[in-house]
Amino acid sequence: MSRAFLVVLDSVGIGGAPDAARFFNGDRPDAGANTLAHIARACADGLAEDGRSGPLYLPFLDGLGLGAALHLASGADAPGLGVTPRGLWGAATETSPGKDTPSGHWELAGVPVPWDWHYFPDTQPAFPPDLSATVARAAGTDGILGDCHASGTEIVARLGAEHLRSGWPICYTSADSVFQIAAHEEAFGLDRLLDLCRTVAPLLHEMRVGRVIARPFVGEPGNFTRTGNRRDFAIAPPSPTLCDWVAGAGRAVHAVGKIGDIFSMRGITDVVKGSDAELMDHLDGLVDTATDGSLTFANFVEFDSLYGHRRDAVGYARHLEWADARLAALARRLGPDDLMLVTADHGNDPTWSGTDHTRERVPVLGVGRASCAVGQVAFADVAASVAAHLGVPAQGPGRSFA
């Protein structure tokens with residue numbers, strides 16, 4: 001049985017992006033950001049002792065070549081990492097002009113972004129008046145709340161009570177190319193929120209805004225909590241991706257996590273969502289049930305959403321160690337002809353200033369081949385390699401290293 005499992009650990013960067021100085025968190029360029037190295041240093045320095053202890057412990061991923069990939073990407077060495085690799089390993093560099101989810105995933109799937117994304121200015125108001133009026137009209141309200149750059153948890157805590165009183169949706173953005181709408185699942189209605197996002201998404205996509213994101217929450221003033229019913233309405237990729245290549249060959253493409261949203265369900269056979277723990281269970285199950293020739297494409301977002309953006313290095317370390325143990329157990333059950341590649345889409349250094357993604361190279365680690373150093377590769381080479389493993393013609397610019 002020859003199958004492919006492409007696993008994206010969202011935001012697990014390894015530094016070294018050659019153009020990092022062109023990308024910023026506030027006024028600080030991303031040059032020097034290194035998600036993995038800085039987490040490992042925090043652990044070694046005793047600054048990540050909540051729920052875990054000691055140096056960062058990733059025996060499975062490091063055994064494949066994580067520490068070696070880190071050194072290759074950025075010249076950095078990380079405490080606790082750096083054993084002699086026994087898997088496929090290398091470091092990938094992105095060419096797309098962004099450090100966001102669609103840019104990273106599309107390029108990993110063989111389609112570098114051919115345009116510059118639209119970003120809203122960090123001003124208040126952040127949105128053009130006609131856009132805000134269109135959103136309010138689609139919501140059936142007299143206006144919107146927010147209209148600014150904000151953290152999702154912070155803005156809900158600050159404006160949630162006013163949202164309940166007025167019924168106006170909370171609209172905000174970030175350094176990413178996104179338009180986010182938060183609303184109370186019960187008072188505003190989850191279906192109404194999703195319909196609102198679906199209605200305004202084409203307008204935002206025409207502006208080259210990458211995603212409209214529904215951010216439902218529940219609770220009362222002083223105790224609001226975001227739910228797991230987030231939905232991303234992403235602009236469609238400009239050309240066929242790895243998912244389309246595989247589906248076009250008559251194979252199944254299983255989406256785990258937000259992969260279906262990122263690719264606008266193009267080339268996707270089925271999709272499962274949930275917490276990272278639930279998604280790991282689904283991925284584990286697909287090792288048993290995925291059919292010959294299939295692609296399983298998984299994204300684990302909580303590295304990014306719960307720990308990177310919130311600058312929580314200890315939480316990030318715990319999550320890395322959890323994923324390492326789960327992926328090790330999963331890898332032992334792969335078939336002899338299966339390929340599993342573990343990579344990331346960008347960085348999100350929890351020790352960096354600001355709250356945004358960081359421009360970094362990412363690791364490329366493989367199970368299912370003899371030890372093999374693939375060196376410095378392109379994001380698009382990942383798609384070409386998966387396609388080659390599955391015997392599917394690749395249509396993008398990448399070159400296979402598998």
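## Exercises on a predicted model

R369 counts as partly exposed, because its relative accessibility is 36%. The structure is a predicted model, and the exercises below begin with this residue.

**Exercise 1.** Determine where R369 is found and which residues R369 is in contact with, leaving aside its neighbours within four places in sequence.

*Solution.* Begin with the location: R369 is found in the loop between β15 (362-367) and β16 (372-378). Next, classify its accessibility: a value of 36% lies between the limits of 20% and 50%, so R369 is partly exposed. Then list the contacts: with neighbours within four places in sequence left aside, R369 touches L88, F401 and A402. Finally, consider W322: this residue is 47 residues from R369 in sequence, and their C-alpha atoms are 24 Å apart in space.

**Exercise 2.** State whether D122 is buried or exposed, and give its location.

*Solution.* D122 lies in the loop between α4 (101-108) and α5. Its relative accessibility is 62%, so D122 counts as exposed. As for distance, D122 and S174 are 52 residues apart along the chain, while their C-alpha atoms are separated by 8.0 Å.

**Exercise 3.** Describe how helix α1 is placed against helix α12.

*Solution.* Two packed helices are described by the angle between their axes and the distance between the axes. Here the axes of α1 (residues 35-44) and α12 (residues 313-331) come within 10 Å and cross at roughly 100°. This angle falls in the range of 65 to 115 degrees, so α1 is roughly perpendicular to α12. On the α1 side, T35, L36, I39 and C43 take part; they meet A313, Y316, A317 and L320 of α12. By class, the contact holds 7 nonpolar residues, 1 polar residue and no charged ones.

**Exercise 4.** Describe the crossing of α5 and α7.

*Solution.* The axes of α5 (residues 129-139) and α7 (residues 185-206) come within 9 Å, crossing at roughly 145°. The crossing is right-handed. From α5, L131, T134, V135, A138 and A139 meet F188, R192, L196, T199, V200, L203 and L204 in α7. These residues divide into 9 nonpolar, 2 polar and 1 charged.

**Exercise 5.** Identify which residues touch the most other members of the largest nonpolar core.

*Solution.* The largest nonpolar core has 91 residues, of which L242, L295 and M340 touch the most other members. Helix α12 supplies the largest share of this core, 9 residues. Leaving aside neighbours within four places in sequence, L295 has contacts that include A4, L6, L242 and V386. Another core, of 24 residues, lies apart from the largest one; among its members are A126, I144, A183 and L193.

Conventions. Residues are numbered from 1 along each chain as its sequence is written. This is a predicted model: local features need pLDDT of at least 70, side-chain atom pairs count only at pLDDT 80 or more; totals for chains, interfaces and linings use all residues. Side-chain values use heavy atoms; hydrogens and water are left out. Axes are lines fitted to C-alpha atoms, for helices over the stretch in contact, and angles run from 0 to 180 degrees between N-to-C directions. Helices (H or I, at least four residues) and strands (E, at least two) are DSSP runs, numbered from the N terminus. Angles under 35 degrees count as roughly parallel, over 145 as roughly antiparallel, 65 to 115 as roughly perpendicular and the rest as oblique. Contact means heavy atoms within 4.5 Å. Ala, Val, Leu, Ile, Met, Phe, Trp, Tyr, Cys and Pro count as nonpolar, Asp, Glu, Lys and Arg as charged, and the others, Gly among them, as polar. Buried means under 20% relative accessible area, exposed over 50%, partly exposed in between (1.4 Å probe, protein chains only). A crossing is left-handed if the near helix is turned anticlockwise from the far one by less than a right angle, and right-handed if clockwise. A nonpolar core is a set of buried Ala, Val, Leu, Ile, Met, Phe, Trp, Tyr and Cys residues joined through side-chain atoms within 4.5 Å.
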